[in-house]
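Student: Can we go through this one together? I'd like to start with the charged side chains and then move on to other things.
Tutor: Fine, ask as we go.

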Amino acid sequence: MREADLARYFFDIHSRELTRDEDGVECNSIAEIRQEAMHSLPEIARDLIPQDGDRQSFTVLVRNEKNVTVYTATLTFAGIWLGEELPPLPPSS
């Protein structure tokens with residue numbers, strides 16, 4: 001994939017429903033597009049992980065000005081409740 005020219009890219013978020021980015025961000029390389037996607041996912045996850053659930057995935061779909069999806073990235077949160085008891089410590093040698 002070649003480097004991109006300075007252009008506006010739109011970072012749509014999918015987490016149970018699709019939220020379209022109406023403003024976009026100007027990026028001038030594929031590295032910038034990837035970095036913007038990587039930085040946005042943890043911020044979104046912090047705000048949207050449900051308090052009553054332990055499984056959620058967040059996907060960013062990056063569109064160019066022609067409305068073509070050029071990049072996608074997904075962050076998955078999976079928590080497992082192990083109960084109230086702490087696991088036993090390994091025997092000391």
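Student: Which side chains meet in a salt bridge at 2.5 Å, N to O?
Tutor: Those of Asp12 and Arg63. Keep in mind that this is a predicted model.

Student: Where in the chain do those two sit?
Tutor: Asp12 is in strand 1 and Arg63 is in strand 4. They are 51 residues apart, so the pair links distant parts of the chain.

Student: Is Asp12 buried or exposed?
Tutor: Asp12 is buried, at 2% relative accessible area. The cut-off for buried is under 20%, so Asp12 falls within that class.

Student: And Arg63, buried or exposed?
Tutor: Arg63 is buried too, with a relative accessible area of 9%.

Student: What else is linked to Asp12 by salt bridges?
Tutor: Asp12 is in a network of salt bridges with Arg20 and Arg63. In the Arg20 to Asp12 bridge, the closest N and O atoms are 3.8 Å apart. Arg20 itself is partly exposed, at 41% relative accessible area.

Student: What backbone nitrogen does the side chain of Asp12 reach?
Tutor: The one of Asp21, at 2.8 Å. To put Asp12 together: its side chain bridges to Arg63, Arg20 forms a salt bridge with it, and its side chain reaches the backbone nitrogen of Asp21.

Student: How many salt bridges does the structure hold?
Tutor: Three. One of them is between Arg8 and Glu26, with the closest N and O atoms 3.7 Å apart. Arg8 is in strand 1, residues 7-15, and Glu26 is in strand 3, so this pair ties together parts that are 18 residues apart in sequence.

Student: How accessible are Arg8 and Glu26?
Tutor: Arg8 is partly exposed at 29%. Glu26 also counts as partly exposed, at 47%.

Student: New topic, the loops. Where is Ser29?
Tutor: Ser29 is in the loop between strand 3 (25-27) and helix 1 (30-48). Ser29 is buried, at 10% relative accessible area.

Student: What lies 3.1 Å from a polar atom of its side chain?
Tutor: The backbone nitrogen of Glu32.

Student: What patch does Glu32 belong to?
Tutor: A patch of negative charge on the surface, where Glu32 gathers with Glu36, Glu43 and Asp47. Within that group, Glu43 is in helix 1 and is partly exposed, at 47% relative accessible area.

Student: Moving on to backbone angles. Which residues other than glycine have a positive phi?
Tutor: Arg16 is one of them, with a phi of about 70°. Asn67 is another, and its phi is near 70°.

Student: Where are they?
Tutor: Both are in loops. Arg16 is in the loop between strand 1 and strand 2 (17-19), while Asn67 is in the loop between strand 4 and strand 5 (69-78).

Student: Are they buried or exposed?
Tutor: Arg16 is exposed, with a relative accessible area of 63%. Asn67 counts as partly exposed at 45%.

Conventions: Residues are numbered from 1 along each chain as its sequence is written. This is a predicted model: local features need pLDDT of at least 70, side-chain atom pairs count only at pLDDT 80 or more; totals for chains, interfaces and linings use all residues. Side-chain values use heavy atoms; hydrogens and water are left out. Helices (H or I, at least four residues) and strands (E, at least two) are DSSP runs, numbered from the N terminus. Buried means under 20% relative accessible area, exposed over 50%, partly exposed in between (1.4 Å probe, protein chains only). A polar contact is a pair of N or O atoms within 3.5 Å; within protein, one must be able to donate a hydrogen and the other to accept it, and residues adjacent in sequence count only if both atoms are side-chain atoms. Patches are made of residues with over 30% relative accessible area and no salt bridge: like charges are joined within 9 Å, nonpolar side chains (Val, Leu, Ile, Met, Phe, Trp, Tyr) within 5 Å. Accessible areas come from the Shrake-Rupley method with a 1.4 Å probe; for residues, only the protein chains shown count as cover. A salt bridge is a side-chain nitrogen of Lys or Arg within 4 Å of a carboxyl oxygen of Asp or Glu. Lys and Arg count as positive and Asp and Glu as negative; His and the chain ends are not counted. The place of a charge is taken as NZ of Lys, CZ of Arg, CG of Asp or CD of Glu.
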